[in-house]
Amino acid sequence: MKKLQHNDAQEILEKYDKENQFRTKIGKWAWVVTFLGVALTVFHLYTGYFGTLPSQKQGAVHLGTALGIIYLLYPAKKEWRNTHKKVPWYDVTLAFTAMYVTYHKIFFFDSILQSRVSGYSTIDIIISILGIALVLEATRRTVGLPIVIVASVAIIYTLVGKYIPTQILSHPGFSMDRITTNLWYRESGIFGTPIQISAKFIYLFLFFGVILVHTPIGKFFNDIAFALTGRFTGGTAKAAVVASALQGTVSGSSVGNTVASGSFTIPMMKKAGFTPEFAGATEAAASTGGQIMPPMMGAAAFIMMEYLGVSYATIMLAAVVPAILYFTGIFIGTHFEAKKLKIIGLPKSELPHFKDLLIRDGYMLIPLIVIIGTIMSGFTPQRAALFGILSAYLVSLVRKESRMNVRQIVNILEQGARVALPVIAAVATAGIIAGVVSITGLGAKFASGIIALSSGHLILALFFTMIACIILGMGLPTTANYVVTATIAAPALINDFMVAPLAAHMFVFYFGIVADITPPVCLAAYAGAGIAKANPFKTGVTAVKLAIAAFIIPYVFIYNPMLVLVDVVVWKLIIGVLAAVIGMIGISSAVIGFFIRNSRIWERLVLLGAGLMLIIPEFLSSGTGLVLIGVIWYIQRKRPEEEGSTKVPAV
C-alpha cells in the first residue's frame with residue numbers, strides 16, 4: 001500500500017511539476033550524469049569554503065555543467081521520457097556543445113574581457129547565439145514554455161526598434177550581434193546577478209535541503225504538527241498547516257511541498273470529514289507559503305538580498321511577521337470550516353506526545369538552529385549554508401537507518417545537482433529578460449505606464465503591479481518572476497511612489513508566489529487536487545479563499561512597513577500585528593461563512609469590511625473594525641444555533 005501511495009505521489013509530481021519530467025533510463029550516460037552532478041556539487045562546496053572564482057568563471061562552471069546534465073536528463077518532449085532506453089545522439093551533442101560554449105568564457109577569459117573594448121570576433125558572436133539558444137531550450141525542457149516565450153519576445157523587442165516609432169518603444173533598436181554579445185558576455189545578461197547569486201548561495205542552500213531530507217525530519221515535522229494541533233477542532237487540517245509551515249523552512253517548492261506532506265495529510269483530512277477540494281486546497285495554500293517561511297524561503301530571497309544590498313538576515317527577519325500572518329489566516333480558515341462542518345479533533349490516544357517527540361527527535365532541529373544562528377551572527381550565507389550542511393550530515397549519523405554509506409553520499413551529491421537544474425535554467429533565462437530591460441530602458445517605460453494607469457494613486461499602482469506579478473507567475477517560476485518584476489515594477493513603486501525598498505520588493509515577491517494557487521494556472525492546487533481526487537479548479541478557488549491573507553498582507557506592509565521591520569516602534573508593531581490577526585479572523589470568517597454560527601450574507605459583508613478596517617494601520621479604522629466584529633459576535637451569540645443555519649453538504 002505504501003509503495004502504491006509513493007507511486008501515486010511521484011505520478012502527480014511528474015504531471016504538475018516540470019522539474020520531475022526527466023528520463024528514467026539513460027543507459028551508460030547515467031555514469032556521466034553522476035560524474036557531472038557530483039563534480040558540480042563538490043565544486044560549489046569547495047568554492048563556498050575557499051572562496052568563489054571571478055563571477056563570470058563561477059557562473060560559467062555553474063551554468064555550463066547544469067546545461068550538460070539537463071540535455072542528458074530531460075528529453076525534448078516529456079512523452080519521450082520512458083520511450084528511449086538511452087540518450088539520443090542529438091541530445092548528447094547538445095549537452096557537450098552547451099558545456100563548451102559556456103566553458104569558452106573560462107578558456108578565453110582574458111581575450112573576452114579585451115573584446116569588450118576592441119570588439120567581439122565572429123566566433124564570439126556565433127558562440128553567444130548558440131549559448132542563448134541552448135539556455136532557452138534547456139529552460140523549456142526543465143521549467144516550461146511560458147518563460148521561454150517571454151524571454152524570446154524580449155529579445156525580439158530589442159531588434160524591432162528600427163521598424164517601429166521610438167515613441168512606442170523605449171529604444172531605437174539594436175543589431176543581433178550587439179544584443180547577443182551583451183546578453184552572453186556582460187554582467188547585465190545571462191551571467192548577471194541572478195546566476196551569480198545562484199552560483200554563490202542558492203545551490204548550497206538547495207543542497208542543504210537535499211541532505212536534510214535524508215534524515216527523518218519530514219516525519220518529525222508531521223508528528224510535531226499533530227502533537228500540537230491534532231486534538232483541537234479540525235485537528236487534521238490544522239496539523240497540515242503547521243506541518244507545511246515547518247516543511248517550508250527547508251524547501252522552496254510549492255508543488256514539491258504539496259506532494260511531500262499532502263500524501264500524508266490530505267487523506268487524513270478527507271477521513272476526518274473535510275471535502276476533497278478543501279483538503280487539497282488547505283495543503284496547497286499552506287505549502288505555497290513555504291516560500292515565504294524563514295529561514296530558507298525561496299531562491300528569490302537570495303536575489304532580493306543582492307538587489308537591495310542588505311544581509312540575508314535582514315530579508316529573513318523582514319519575512320517573519322508576514323509569514324506568521326499568512327499561516328495564521330489559513331489556520332483560522334481551517335478552524336471556521338471545521339466548526340461549520342462540526343469536525344472534531346483526533347483522540348489523544350492516536351496522537352504523538354509533544355514532550356516525548358522533542359526528547360527523542362529534537363536533535364533534528366539542530367541544522368535549522370545552526371543556519372539561523374550563523375546568519376544572525378553575521379556570517380555570509382555561504383558559510384551559513386556550509387555549517388548547515390555539515391550539521392545536517394552529523395545529524396544523519398545519529399540513527400542507523402539514516403546513516404549514509406559511500407554510495408548514498410555519491411547519490412546525495414548527484415541529487416544536489418539535479419534539484420538545482422530547474423533553478424539554474426530559470427535564473428539564466430530571467431537574466432535575459434533583466435538584460436533586455438537594462439539595455440532598452442524598458443523599466444522606465446513600464447514605470448511611466450503604471451503611473452499613467454494609476455493616475456498617480458499608490459493603491460491603483462499596487463493593484464496593477466499585483467496583476468502583472470500574478471499573470472507572470474502563472475508561466476514563470478517564482479525566482480524568474482521575481483527577477484522580472486523586481487527589475488521592472490519594484491523601481492516604479494520605490495522611485496515614483498516613495499515606497500520603502502524592502503516593502504516594494506517583498507510586495508512583488510509575495511504576488512509571484514501566490515500565482516501557484518491562483519486559478520486558472522495554479523499548479524500547487526492542481527497537485528493537491530490530484531492527491532485528493534478533487535476538482536482542480538474548485539480546489540484552486542478554495543485555496544485562494546484560504547490564502548486570502550496573502551492577497552491582503554502585501555498591501556498592509558506597503559502602508560505599514562513596520563510589518564517588514566522598517567522603522568520599527570515596538571509597541572506600534574505589537575498593536576499592528578494584533579490588529580492584523582483579528583482582521584484575519586474577520587476576513588476568514590466572512591470567506592468561509594461561519595463565525596460562531598453560520599453567517600448570513602449581510603453578516604459576512606460586515607465581517608469582511610471590519611477585517612479590512614482592522615488591517616489598515618489607523619486608530620479610527622481599526623477601532624471601528626473591532627467594534628463591528630464585536631457586534632456580529634454578540635448577534636450570533638444570541639441567535640439559536642439552528643436559526644439561519646445552512647445545511648452542511650455530506651462528505
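At what angle do helix H10 and helix H17 pack, and how far apart are their axes? I looked this up before anything else. The model is predicted, so I kept to its limits: local features need pLDDT of at least 70, side-chain atom pairs count only at pLDDT 80 or more, and totals for chains, interfaces and linings use all residues. Residues are numbered from 1 along each chain as its sequence is written, and side-chain values use heavy atoms, without hydrogens and water.

**Entry: H10 and H17**

I found H10 (residues 217-229) and H17 (residues 354-361) packed at about 160 degrees, with axes 9 Å apart. Helices here are DSSP runs (H or I, at least four residues), numbered from the N terminus. Axes are lines fitted to C-alpha atoms over the stretch in contact, and angles run from 0 to 180 degrees between N-to-C directions. H10 and H17 are therefore roughly antiparallel (over 145 degrees). The crossing is left-handed (near helix turned anticlockwise from the far one by less than a right angle; clockwise is right-handed). On the H10 side I noted Phe 220, Asp 223, Ile 224, Ala 227 and Leu 228; on the H17 side, Phe 354, Leu 357, Leu 358 and Asp 361. Contact means heavy atoms within 4.5 Å. By class I read 7 nonpolar, no polar and 2 charged residues. Ala, Val, Leu, Ile, Met, Phe, Trp, Tyr, Cys and Pro count as nonpolar, Asp, Glu, Lys and Arg as charged, the others, Gly among them, as polar.

**Entry: H16 and H27**

I checked H16 (residues 320-341) against H27 (residues 548-559): the axes come within 9 Å and cross at roughly 150 degrees. That makes H16 roughly antiparallel to H27. This crossing is right-handed. H16 brings Pro 322, Leu 325, Tyr 326 and Gly 329 to the contact, and H27 brings Ala 549, Ala 550, Ile 553 and Phe 557. I read 7 nonpolar, 1 polar and no charged residues.

**Entry: H7**

Which residues of H7 are buried? I listed Ile 147, Val 148, Ala 151, Ala 154, Ile 155, Tyr 157 and Thr 158. Buried means under 20% relative accessible area, exposed over 50%, partly exposed in between (1.4 Å probe, protein chains only). Their cover includes H6, H8, H20, H21 and H23.

Most residues other than glycine have a negative phi, and most peptide bonds are trans. I looked for exceptions. Pro 294 and Pro 295 are joined by a cis peptide bond, omega about 5 degrees. Pro 295 sits in the loop between H13 and H14. Lys 533 has a positive phi near 55 degrees. Lys 533 counts as exposed at 64% relative accessibility. Asp 567 has a positive phi of about 50 degrees. I placed Asp 567 in the loop between H27 and H28.

Key. Helix = DSSP H or I, 4+ residues; strand = E, 2+ residues; numbered from the N terminus. Parallel < 35°, antiparallel > 145°, perpendicular 65-115°, else oblique.
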